[in-house]
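Me: I am new to this structure and would like to go through a few parts of it. Could we begin with the terms?

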Amino acid sequence: MVKKRKEARIAEILQAAVEEFSENGFVGAKIEAIAARAGVAKGTVYIYYNTKEEVFEAIVRDRISPVFKLISGIVKLWPGSQAMLLKQIISRFYSEIVENEERRMILKTLISESARFEDLAKFYFQEILVPARKMFKSIIKKGIKKGEFRDTPIVNEPIIIVGPALMAAVWKMTFESAEKLNTKRWLEAHLDLVIHGLQNTDNS
């Protein structure tokens, strides 16, 4: 019972922190404001986290890391072609990241504050980008070995595969009021770009 209450309290604090960071940015966010949103005393937040950086790291682990664990599970059990696997992963990235306001906020915070808070960028790099790069490289190399993909420079910089999705997230964070993003059409273009860019035309 105590463990469940602790987990619920942490969830309340993290949700409050997401709202605080979203409204005020990382610099403007305050621990006391997070506590007030969560309906707890400031000291309660400090029971679990010593700094705002630790709160942000906890948000990444709670909101972003599970998405990549889910995708890793799909990769591990995937029985079909690597091209179809990439389509599944990229599509999931759109539904879980691009279309999710809270997760877009995390990206926005990272992009806007990384110059002043290098540890945040380093943490995100190790927690998310390093395993993502390893995963994409493995998929591409396997596709090359199976003859699906050509031997392309993309294998050396595999994270470029999600570049259009990150641009879609930036668009929704920045330009949505000027022109609403057609996410379905953008995703179709992204998949076409990636699959035809990797495809081994000798086997088509």
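Reply: Contact here means heavy atoms within 4.5 Å. Please keep in mind that this is a predicted model.

Me: Which residues is E113 in contact with, leaving aside its neighbours within four places in sequence?

Reply: With those neighbours left aside, E113 is in contact with G25, F26 and V27. E113 itself is found in helix α6, residues 101-113.

Me: Is E113 buried or exposed?

Reply: E113 counts as buried, because its relative accessibility is 6% and buried means under 20%.

Me: What does its side chain make a polar contact with?

Reply: The side chain of E113 makes a polar contact with the side chain of R116, at 2.8 Å.

Me: On to helices. At what angle do α5 and α6 pack?

Reply: Helix α5 (residues 82-98) and α6 pack at about 85°, and their axes are 6 Å apart. The angle therefore makes α5 roughly perpendicular to α6.

Me: Which residues make that contact?

Reply: From α5 there are E96, I97 and V98, and from α6 there are R103, R104 and L107. These residues divide into three nonpolar, three charged and no polar.

Me: New topic: how many residues has the largest nonpolar core?

Reply: The largest nonpolar core has 60 residues, and I64 is one of those with the most contacts inside it. Helices that each supply at least two residues of this core include α1 (2-28), α5 and α6.

Me: And what is I64 in contact with?

Reply: Leaving aside neighbours within four places in sequence, I64 is in contact with I59, I97, R103, I106, Y124 and I128.

Methods
Residues are numbered from 1 along each chain as its sequence is written. This is a predicted model: local features need pLDDT of at least 70, side-chain atom pairs count only at pLDDT 80 or more; totals for chains, interfaces and linings use all residues. Side-chain values use heavy atoms; hydrogens and water are left out. Helices (H or I, at least four residues) and strands (E, at least two) are DSSP runs, numbered from the N terminus. Buried means under 20% relative accessible area, exposed over 50%, partly exposed in between (1.4 Å probe, protein chains only). A polar contact is a pair of N or O atoms within 3.5 Å; within protein, one must be able to donate a hydrogen and the other to accept it, and residues adjacent in sequence count only if both atoms are side-chain atoms. Axes are lines fitted to C-alpha atoms, for helices over the stretch in contact, and angles run from 0 to 180 degrees between N-to-C directions. Angles under 35 degrees count as roughly parallel, over 145 as roughly antiparallel, 65 to 115 as roughly perpendicular and the rest as oblique. Ala, Val, Leu, Ile, Met, Phe, Trp, Tyr, Cys and Pro count as nonpolar, Asp, Glu, Lys and Arg as charged, and the others, Gly among them, as polar. A nonpolar core is a set of buried Ala, Val, Leu, Ile, Met, Phe, Trp, Tyr and Cys residues joined through side-chain atoms within 4.5 Å.
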